[in-house]
Amino acid sequence: MRKLMLLTISIGLCLSFGCAANPITGEDELMFDRDYHHDVNLGKEVAPQVEKELKGRIKDQVLQDYINGVGHKIARFSHNPDFDFDFAAVNDKSINAISLPGGRIFITKGLLLKLESESQLAGVLAHETVHVVARDTENMMSKQAGMGALFILAASQAKTQGEVAAADIALQLVTLQYSREDERTADLGGIDYMVRAGYNPNGMVETMQILQKEEASKSSDFFSTHPSPENRIDYLRARIQSHYSNSVAGTKVGQEDYRQNVLDRIKNLPDSPGK
Ligand SMILES: [Zn+2]
């Protein structure tokens, strides 16, 4: 969902910097030489600042538990369930979802209000879960000048300096663009996670259709950070047809659960529009 960046990795680069197999695609990728514990620490370090950048958590525990519950149902089936997954809803009105290295995932109120069912929510969270497991944010940052240094600062013991760096990272992460290839992998891998967790994979397609409508009405800045949903709908439909056409029956859509636990809860917040 972010600026097109093509990855050309030569064997020479892999040898000098170390490659790791991407758990989703199975392909070798140039990676920071770090294990996932490092990702978890980085994510924890900047999560409070990112949360602040996104106007803080929505103050409703029922809603938060529901979002986190759906997220964990999916994360259990991911290629690395040992990340420190935490799914939270934030007050930002933009239409977006953001994942930090290590498993902190945020979904905005703007996006929650556009969705209509638990399976659509599952589609968004599954997509972000793939970004975490594939370590896409880490990969992007390793190519972005200065980001690595910022992270080292953020994790440093120098408290004030660390906080300033964390705030900087937060700003950059909110607008970070992944490559189209990363997005495609997150879409297709996400569908796989959703189905394993018992959700109707059409939820992902519906989410893209909702985003497409938004794009047509130009009512969001979502498309500055995400590729157009149009061709994503095509390849998602093809994947459902080829892989899951026999496994859709009996999977969860959860329209009513979503209405009760998200839409009605947001409507009843003290600061909701019209109150
Ligand atoms: Zn994405």
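Which strands and helices do the buried residues of H3 pack against? Keep that in mind as we start the tour.

This is a predicted model, where local features need pLDDT of at least 70, side-chain atom pairs count only at pLDDT 80 or more, and totals for chains, interfaces and linings use all residues. Residues are numbered from 1 along each chain as its sequence is written.

Begin with the whole chain. Its secondary structure comes to 13 helices and five strands (DSSP runs numbered from the N terminus: H or I of at least four residues for helices, E of at least two for strands). Of the 275 residues, 42% are buried (20 or more other C-beta atoms, placed from the backbone, within 10 Å of a residue's own).

Next, select residues 61–75, helix H3. Its buried residues are Leu63, Tyr66, Ile67, Val70, Gly71, Lys73, Ile74 and Ala75. Now show strand S3 (86–90), strand S5 (104–108), helix H5 (118–133), helix H9 (180–196) and helix H13 (255–267): the buried residues of H3 pack against these elements.

Now move to helix H10 (residues 202–217) and helix H12 (residues 229–244), which pack at an angle of about 165 degrees with axes 9 Å apart (axes are lines fitted to C-alpha atoms over the stretch in contact, and angles run from 0 to 180 degrees between N-to-C directions). H10 is therefore roughly antiparallel to H12 (an angle over 145 degrees). To see where they touch, colour the contact residues, including Met204, Val205 and Met208 of H10 and Ile233, Leu236 and Ile240 of H12 (residues in contact have C-beta atoms, placed from the backbone, within 7 Å).

Key. Parallel < 35°, antiparallel > 145°, perpendicular 65-115°, else oblique. Contact = placed C-beta atoms within 7 Å. Buried ≥ 20, exposed ≤ 12 C-beta atoms within 10 Å, placed from the backbone. Expected span 1.5 Å × (residues − 1).
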